[in-house]
Amino acid sequence: MTDLLLNIAAISRRTGVAPDTLRKWESRYGALRPSRTAGGQRRYDEADVQRVEWLRDRIAEGWRIGEAARMLDAESSALDDPVALRDTLIAAIRGVDLGSITATLDQTFAVLPLERALNDVVTPALHWIGEAWHRGEISIAQEHAISAKVRAHLTSLMADARADVRGLAVLACGPGEFHDLGLLMLAVALRADCWRVEYLGADTPADTAIEFAEKIGATILCFSAARDASLEALRVSLVTPTSRSNVPIVIGGGASTPELARELGATHVSGDLGAAVTRLRRLARA
């Protein structure tokens, strides 16, 4: 199916950028690449819309139009390619180019479906950050600054209003666990799947999370543990009689295992976010 072609008035309405500005961006910077009708009238496609939206957002952040247009031109062939976006994001992280990190994240979430943005771009970039930190290629301060930018983007996506038709999910990192970006990505994916999500964040005592989940009538309670020490603390918490839960418990994170989940009478999820959301949807219907 071919893209719907737009005239300049339509692309202006879509993007909020005035027609005169669009003409200047096209003539001076080559930011738009319209086709022509038999009568010579310009027609714009979805790629042009994406380019205009990207430039509009960079200018709102304080970029000069010439600088933004040069960066866009350098990356135009990869505007919606997840592999190229991933590599661009990792390159920006490696160079501690905070402006490019923000721009690439904005571009990623603007042009890709949410699941592909998270699975194919953000998750590999976060894995690279962890490995680079272990290799000593980036400092703790750099890792924190970069993670904060990713967290800000994910948190803004959590505010996207959707109908609450799936259920109510409570999400928490286990005791002593401060690596919460993977759990935050799951929260965003569940929100997009029309769940109501209550996100408790890092280092949450299991008994208080259970009490909270039961008090608000949660459908599921998800714990994340990325480190072995956090997983053991979570296991100890959940085997105590005072931590018995009437809410189905889900365990995930890099350190979690199906065996431990079975030991605790919980459900294990890992890996692909789409598969995790599907598993939780089935659990909610059980």
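Visitor: How do the residues lining the largest pocket divide by type?
Guide: The lining has 18 nonpolar, 15 polar and 6 charged residues. Nonpolar means Ala, Val, Leu, Ile, Met, Phe, Trp, Tyr, Cys or Pro; charged means Asp, Glu, Lys or Arg; the others, Gly among them, are polar. This is a predicted model: local features need pLDDT of at least 70 and side-chain atom pairs 80 or more, while totals for chains, interfaces and linings use all residues. Numbering runs from 1 along each chain as its sequence is written, and side-chain values use heavy atoms, without hydrogens or water.

Visitor: What volume does the largest pocket have, and which residues are closest to its centre?
Guide: Its volume is about 1200 Å³. Of 39 lining residues, His 127, His 179, Leu 181, Gly 182 and Ala 226 are closest to the centre.

Visitor: Which helix supplies the largest share of that lining?
Guide: Helix α7 does, with 9 residues. A helix is a DSSP run of H or I, at least four residues; a strand is a run of E, at least two; both are numbered from the N terminus. Among the other elements that each give at least two residues are α8 (140–158), β5 (220–224) and α13 (273–285). The chain has 13 helices and 7 strands.

Visitor: Which residues of α11 are buried?
Guide: Ser 230, Leu 231, Leu 234 and Leu 238 are. They cover an arc of only 100° around the axis, so they sit on the same side of α11. The face turned away from that side carries the exposed Asp 228 and Ala 229. Buried means under 20% relative accessible area, exposed over 50%, partly exposed in between (1.4 Å probe, protein chains only). Across the chain, 45% of the 286 residues are buried.

Visitor: Why is Val 96 called partly exposed?
Guide: Its relative accessibility is 33%, so Val 96 counts as partly exposed. Val 96 lies in the loop between α5 (82–94) and α6 (98–111).

Visitor: What is the phi of Val 96, and what is that of Cys 194?
Guide: Most residues other than glycine have a negative phi. Val 96 has a positive phi of about 50°. Cys 194 is also positive, near 70°. Cys 194 belongs to the loop between α9 and β4 (196–201).

Terms used: On a 1 Å grid over the protein atoms alone, a cavity is a set of points where a 1.4 Å probe fits but cannot get out, and a pocket is an open set with protein on both sides within 12 Å along at least five of seven lines; lining residues have an atom within 4 Å of a point. Grid points are joined across faces, edges and corners, and a volume is the space filled by probe spheres set on the points. The arc is that of the directions from the helix axis to the C-beta atoms.
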